[in-house]
Amino acid sequence: MSSTITEPADLFSPFTLRSITLRNRIGVSPMCQYSSVDGVANDWHLMFLGARAAGGAGLIIAEATAVAPEGRITPGDAGIWADHQVEPIARINRLVKQLGAVPAIQIAHAGRKASAARPWDGGAHLGDDEGGWPILAPSAVAFGEELGKVPHAMTLGEIARVQADFVAATHRCLAAGVEWLELHAAHGYLFHEFLSPLANQRTDNYGGSFENRIRFLLDTTRAVRTVWPDRLPLTVRLSCTDWVPGGWDADQSVELSRRLKDAGVDLIDCSSGAILPAVRIPVGPGFQVPFAERIRDEVGIPTAAVGLITDPAQADQIIRSGRADLVLLAREFLRDPNWPLRAAHALGRGAAVVPPVQMARAW
Ligand code: 531
């Protein structure tokens with residue numbers, strides 16, 4: 001069962017995947033807050049995500065949330081590796097839902113980029129004497145520069161254990177009232193490290209050929225889909241290209257998206273990059289939209305566009321032109337939790353986004 005590609009809509013059209021309908025095409029992209037203690041959500045996360053639901057977003061995707069302690073980027077990352085982490089997330093999801101948005105979460109494992117300091121503490125790998133921990137990856141190849149720690153090449157048993165961690169995390173997400181689940185397979189983290197020949201030098205059946213490099217993600221996706229209810233959407237964020245010759249690229253992303261669609265994935269969230277340091281990326285307004293457009297057209301699967309989407313008319317045109325089904329905003333939502341309200345008024349569609357009654361007189 002999958003959603004049909006909707007006719008070109010506009011930024012404020014509803015959007016349905018399986019049993020879940022978004023009130024508009026605007027999503028809050030998962031943004032790390034590095035503000036948890038032992039992975040537990042707190043008042044910061046309640047305020048941060050609640051405010052953006054009040055501001056009118058249709059979809060609120062909570063930050064990359066680690067499925068295992070060693071899968072955190074930093075000690076401050078969110079986690080869902082333990083049952084006591086569920087209720088704090090459930091409290092946030094109840095507020096988000098009460099405010100009319102759909103509560104989502106991105107579950108993740110940081111692979112060789114794990115065990116790092118928070119960005120405002122420099123972002124470098126932590127020494128063993130600084131609270132760092134052993135890190136895992138497909139191969140014993142470091143990311144590089146300030147993330148120079150050499151990871152342990154995962155055994156088949158560790159691959160199976162991490163896959164089981166994603167399945168267990170999926171059960172906890174359901175218990176927490178999550179209604180939309182995203183697997184993080186981008187930005188140089190574990191799944192992406194398996195996909196890319198620039199990080200995956202394995203010689204077993206998890207490395208080498210395209211089929212082998214997608215195996216860990218595809219098998220885990222199938223296992224997650226089996227336990228995630230049929231009525232709820234499952235999405236995958238990809239780095240659609242490494243921007244490096246010989247690396248992962250858009251052609252492979254198209255083929256992988258076909259396989260993910262067949263495995264029951266409902267939407268591809270199209271980002272790029274971050275497999276290696278210091279790669280030249282042609283960053284600009286909507287620079288990743290072409291990936292969303294291509295995958296949507298060639299695979300016939302809904303897509304989300306993300307990356308330097310800031311302007312209401314820009315976002316509206318991405319949807320109206322049928323280049324993507326959703327726009328996800330990150331930094332713009334750091335600047336303005338009420339961006340959807342402001343965008344509606346900027347586009348002469350003031351009634352399209354309804355504020356909470358407490359805020360109505362200001363809009
Ligand atoms: C940086 C980033 C944004 C867009 C493309 C590549 C990298 N983000 C990625 C975040 C962590 C914070 C930095 C995640 O994907 C978890």
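Leaving aside its neighbours within four places in sequence, which residues is A274 in contact with? In this predicted model, where local features need pLDDT of at least 70, side-chain atom pairs count only at pLDDT 80 or more and totals for chains, interfaces and linings use all residues, the residues are numbered from 1 along each chain as its sequence is written. Side-chain values use heavy atoms, with hydrogens and water left out.

A274 lies in the loop between β11 (267–271) and α7, helices (H or I, at least four residues) and strands (E, at least two) being DSSP runs numbered from the N terminus. Beyond those sequence neighbours, A274 touches K113, F143, H187 and G188, where contact means heavy atoms within 4.5 Å. With a relative accessible area of 28%, A274 is partly exposed, a class between buried (under 20%) and exposed (over 50%), for a 1.4 Å probe and protein chains only.

The helix α7 (residues 289–299) packs with helix α6 (residues 250–262) at an angle of about 50 degrees, their axes 10 Å apart; axes are lines fitted to C-alpha atoms, for helices over the stretch in contact, and angles run from 0 to 180 degrees between N-to-C directions. The two helices are therefore oblique to each other, the class left over once angles under 35 degrees count as roughly parallel, over 145 as roughly antiparallel and 65 to 115 as roughly perpendicular.

Helix α3 (residues 156–175) and helix α5 (residues 210–227) pack at about 30 degrees, with axes 9 Å apart. That angle makes α3 roughly parallel to α5. On the α3 side the residues are I159, V162, Q163, F166, V167, T170 and H171, and these meet F216, D219, T220, A223, V224 and V227 of α5.

F166 also belongs to an aromatic cluster together with F191, F194, Y206 and F216. The structure holds 8 aromatic pairs, in which rings of Phe, Tyr and Trp (its six-membered ring) have centres within 6.5 Å, planes under 30 degrees apart counting as stacked, over 60 as edge-to-face and the rest as tilted. In one of them, Y34 and W120 have ring centres 5.7 Å apart and planes at 80 degrees, so the pair is edge-to-face. Y34, in the loop between β3 (26–28) and α1 (43–54), is 86 residues apart from W120, in the loop between β6 (102–108) and β7 (136–137). Y34 counts as buried at 15% relative accessibility, whereas W120 is exposed at 56%.
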